[in-house]
Amino acid sequence: MSDQRPILTTRQGHPVRDNQNTRTVGERGPATLENYQFIEKITHFDRERIPERVVHARGAGAHGWFEAYGKIGDEPASKYTRARVLNETGVRTPMFVRFSTVAGAKESPETERDPRGFAVKFKTVDGNWDLVGNNLKVFFIRDAIKFPDMIHAFKPDPVTNRQEAWRFFDFVAQHPESIHMVTWLKSPWGIPANYREMEGSGVNTYKLVNDQGEAVLCKFHWIPKQGVRNLTSSQASEIQGKDVGHATRDLYDNIKAGNFPEWEFAVQIMPDGPNDHLSFDPLDDTKLWPVDQFPLRPCGRMVLDRVPDNFFAEVEQSAFGTGVLVDGIDFSDDKMLQGRTLSYSDTQRYRVGPNYLQLPINAPQPGVKVYSNQRDGQMTYMVDGTGPNKHINYEPSTLAEGLREAPKPAKEYHQRVEGRLGRYQTSRTEDDYTQAGERYRSFQDWEREDLIANLVADMKQCPEPIQLRMVWHFWHADEDYGRRVAEGAGIDLEKAKALPPLPGRAAPGKRLQTETYSDGSQAQRVAAE
Ligand code: HEM
């Protein structure tokens, strides 16, 4: 039978006649330097790795599609947004999704206690829309300027290269806004059973904009049809002993078996503006929007039905960013969202290269033509379409050639912004405890037991000043919560309760200090002295 397999070549297209033996002078002599085939093979190998993601390095991806209901809850989607991807029914928008852990390195175990990344790329007819979210609906911090501090504390110690509980809690102890997230994370919700049986959330606050140029604030959520399943620490350790990639295996096995995972897409909506009647700021991503006041309104569904052909090309080189929105979906003034929007494309120009958007995994769907005047840079794969005259890579041109601006929508959304330049806290009151306490009380008994056991084990690794401050926080969230952690870890509860408020913060539950400026105007939300 004739061998139909393709012939191995170099990247120059030259056939490789011997892939087993290096060319040498004589049987036992030295290798030669002009051996192009050998040099290409080894030097390409030397460059096989690109920097891993600075966070969310461990991940798995899958392809699928999104279908809009054309409604947001019971109302037509068009009432809130002109985004075609949420309005047009009967259209399957291609999608690529990457799930991940956060702090671990690229090959770290998928059983780690960590938020799970839930990054989604909708390849819509209007270009890409990325929703870069997590499984948990809140976050540790509410100001992007804190992100490098947070990640440094959560990643390995710069001396020992080990993740240390005391470094994590040293950061948390100084940032009460993270107590809510920590309560989720240290419970079984911090170890989802796999990527299929978990929720997703955009976490940050966005806006929907309709044809009239009117906006509402919104949060996006993914609800798994498979249900939610989480692991205790001991269940996770047992899995980790056998398999460090169990979640990728689960995702691939299910998709290959035709058991396609599916999520419903839902939004929460509130009027644009400060919403002063609420006890929390809707731009504070450490707080949930309570579903009894802001119901989850279904607006579509996503199905994942294809695993990648190549991990590196599709998963490792995929690049998601919070700046990638389509018309009808807009930014809010959530400071995290704004900081993130700088960070993603910046890191991707470094991690993948300045032309990362020319890669098929990141480029818009083939039906969307990219016409830009951006040129050159490493690994330029093609010239974005320019029209017939390829000399004109600028805009506008007197010759009425080259590219032109898109027509403006009939009614644009123009947010009015006025304010005094300064550094403000994204909160109204120093209340980082109410929702953390609600979360503690809402857990089932086994979840609370696991939470306390995990925190007790962590506290035992922390020096006393960190232990006392953490118990102080837990106690303010819920007295039983603080007492159980203190008792379990042998921490003096009375000494913890006697601590003063943190420097620069108001006492729990108190409004932040108001500052009066020379013209008599006032700013709230400045730190207490
Ligand atoms: C200001 C805060 C944040 C900053 C500066 C930041 C920055 C980053 C950076 C630099 C990456 C690596 C991206 C890459 O190499 O392609 C990343 C990945 C990621 N971040 Fe954030 N992040 C922040 C907050 C968040 C929050 C709040 C969430 C959840 C809603 C989140 C979810 C993710 C996910 C899911 C990925 C992985 C994306 C992928 O699968 O490629 N990040 N982040």
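Me: How far is the polar side-chain atom of Arg 351 from an oxygen atom of the ligand?
Reply: In this predicted model, a polar side-chain atom of Arg 351 lies 2.7 Å from an oxygen atom of the ligand, and a polar side-chain atom of Arg 98 lies 2.6 Å from an oxygen atom of the ligand. Local features need pLDDT of at least 70, side-chain atom pairs count only at pLDDT 80 or more, and totals for chains, interfaces and linings use all residues. Residues are numbered from 1 along each chain as its sequence is written, and side-chain values use heavy atoms, leaving out hydrogens and water.

Me: Which element gives the largest share of the shell around the ligand?
Reply: That is α9, with seven residues; helices (H or I, at least four residues) and strands (E, at least two) are DSSP runs numbered from the N terminus.

Me: New topic: how many aromatic pairs are there in the whole structure?
Reply: A search finds 30, where rings of Phe, Tyr and Trp (its six-membered ring) pair if their centres lie within 6.5 Å, and planes under 30 degrees apart count as stacked, over 60 as edge-to-face and the rest as tilted. One of them is the stacked pair of Phe 118 and Trp 222, at 6.0 Å centre to centre with 15° between the planes.

Me: Where do Phe 118 and Trp 222 lie?
Reply: Phe 118 lies in strand β5 and Trp 222 in strand β9, so the pair ties together parts 104 residues apart in sequence.

Notes: A polar contact is a pair of N or O atoms within 3.5 Å; within protein, one must be able to donate a hydrogen and the other to accept it, and residues adjacent in sequence count only if both atoms are side-chain atoms.
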